[in-house]
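Colleague: I would like to go through this model with you, from the overall fold to the ligand shells. Please show it first.

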Amino acid sequence: MAEWRHVQGSLPVAITTGEPAGIGPELVLRLAADGLLPSASVAVGDPTMLAERAAALGLGVTPTPCRPGEPLPEGPGVLPVWPVLLKAPSTPGVLDPTNADYVLGTLAAAVTACRAGHAAAMTTAPLHKGAIIDGGHPGFTGHTEWLRDACGVEEVVMMLATDSALHATRAGFDGPSELRVALVTTHLPLRDVADAVTAERLKRVARILEHDLREQFGIAAPRIVACGLNPHAGEDGHLGHEEVDTLIPALDALRAEGRDIRGPYPADTLFTPRHLAEVDAVLAMYHDQGLAVLKYAGFGSAANITLGLPLVRTSVDHGTALDLAGKGLASPASLGVAVALARRLADRRMAG
Ligand SMILES: NC(=O)c1ccc[n+]([C@@H]2O[C@H](COP(=O)([O-])OP(=O)(O)OC[C@H]3O[C@@H](n4cnc5c(N)ncnc54)[C@H](O)[C@@H]3O)[C@@H](O)[C@H]2O)c1
Ligand SMILES: N[C@H](C(=O)O)[C@H](O)COP(=O)(O)O
């Protein structure tokens, strides 16, 4: 794996501006206009496109190019930008796969800056997976998997947390809007999920989750509860064999290592206050099993964190919202939560 430089001090959070036809650029501009970005923040994207979007929405922000490693420009309305240039002009709401390499270029620039010690962390505005795939990257499935490969690690974990769970200071969840959900599998067709939930993957994911709850979130003795895969956690093998054959042996092995991991429990009743009050994170077997509940609890102000990376990466809880792009109607709240979380996690990592 490449060497990572960790430099003390107030390094910026690099905010990739995402799919240029989506809401990402205007959300970054909106936070800057409202003074809601931490002082050391830098956008990564096309400065001309950002300036045009700011003007179109009447936002008093001046995107100002600068280079990684140099001091950030300052001043009223100044938004520092590390330039990555569009491959083709972009219109809000209209996807153009020609810009796939532009979007991936912004991610690469942020990772390079983190690796070089020029950024403290990265936060990603939403990209459009279909546009990246159509733009010549058939294997692309999402930031999470792309970052795993770019950083050269075997496994990472996608965890989303509601805003109140991010600020909780006690153990356990208090109320249905306080939730952390991690996933064993991420972006794959439902048809392929059962085969992808292997004992080895489940154990790797659970170990990373437990480690990062401790190290990144300061939870001294993390308590995790795992969902079953099948209805009623397989009903003792009558409604699917994965629990008996895979989940229970893997969870037994994790418990034998001394980890507090419960389950597998039926997912439909696990997400209830009585069960959640006793745990720090839910481990769901697949994307919509966990994220439908998380987004019901906190859509719009939750954040996505990639665990297991050598860098800090956070993201929004929503997508490109092409229906809202360019209209100034999209909420910047989740991006604000994600940037603030990146700042906090980076400061914690640097202090430690
Ligand atoms: N972090 C990411 O990069 C990320 C996250 C989720 C989805 N996506 C991608 O985004 C694309 C579109 O996904 P989708 O349609 O499933 O979900 P979406 O989140 O883009 O849109 C779902 C609904 O939520 C609304 N919405 C989304 N963000 C909003 C905001 N900030 N304020 C107000 N309303 C908002 C949209 O208008 C739409 O009605 C897909 O390619 C998907 O893979 C990317
Ligand atoms: N699974 C995420 C969600 O539903 O919010 C989203 O697709 C983003 O995933 P990446 O961060 O891997 O792009």
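Modeller: The model itself is predicted.

Colleague: Which element gives the largest share of the side of domain 1 that touches domain 2?

Modeller: The contact between the domains takes 20 residues from domain 1 and 20 residues from domain 2. On the domain 1 side, the elements that give two or more residues are α5, β12 and α13 (333-351). By class, that side has eight nonpolar, seven polar and five charged residues. The largest share is seven residues, and the element is α13.

Colleague: How does the radius of gyration of the protein stand against the globule rule?

Modeller: The protein has 13 helices and twelve strands. For 352 residues the globule rule gives 20 Å, and the protein is close to that, so it is as compact as a globular protein of that length. Its C-alpha atoms fill a box of roughly 60 × 40 × 40 Å along the principal axes. The radius of gyration is 20 Å.

Colleague: What percentage of the residues in the protein is buried?

Modeller: A residue counts as buried if 20 or more other C-beta atoms lie within 10 Å of its own. Applied to the 352 residues in the protein, this gives a buried part of 49%.

Colleague: Of the contacts with a separation of 6 or more, what percentage is between residues 24 or more positions apart?

Modeller: Contacts here are pairs with C-beta atoms within 7 Å. Among those with a separation of 6 or more, the part from residues 24 or more positions apart is 72%.

Colleague: How do the residues around ligand 1 divide by class?

Modeller: The shell of ligand 1 has 19 residues, with P126, H318, G319, A321 and S331 the closest. For ligand 1, the division is seven nonpolar, ten polar and two charged.

Colleague: Is N304 buried or exposed?

Modeller: N304 is in strand β11 (residues 303-307). Beyond four places in sequence, N304 touches M158, L160, T314, S315, V316 and D317. Because N304 has 25 C-beta neighbours inside 10 Å, it counts as buried.

Colleague: And R313, buried or exposed?

Modeller: R313 is found in strand β12 (residues 313-315). Leaving aside neighbours within four places in sequence, R313 is in contact with M122, T124, L147 and T306. With 27 C-beta neighbours inside 10 Å, R313 counts as buried.

Colleague: Which residues does the UniProt annotation "binding site" cover?

Modeller: The annotation comes from an unreviewed entry, and such annotations may be inferred rather than shown by experiment.

Definitions and conventions
Residues are numbered from 1 along each chain as its sequence is written. Chains are lettered from A and ligands numbered from 1 in the order in which they are written. This is a predicted model: local features need pLDDT of at least 70, side-chain atom pairs count only at pLDDT 80 or more; totals for chains, interfaces and linings use all residues. A residue is near a molecule or strand if its C-beta atom, placed from the backbone, lies within 6 Å of it. Ala, Val, Leu, Ile, Met, Phe, Trp, Tyr, Cys and Pro count as nonpolar, Asp, Glu, Lys and Arg as charged, and the others, Gly among them, as polar. Helices (H or I, at least four residues) and strands (E, at least two) are DSSP runs, numbered from the N terminus. A residue is buried if 20 or more other C-beta atoms lie within 10 Å of its own, exposed if 12 or fewer, and partly exposed in between; C-beta atoms are placed from the backbone. Two residues are in contact if their C-beta atoms, placed from the backbone, lie within 7 Å. The radius of gyration is taken over C-alpha atoms; the globule rule is 2.2 Å times the number of residues to the power 0.38.
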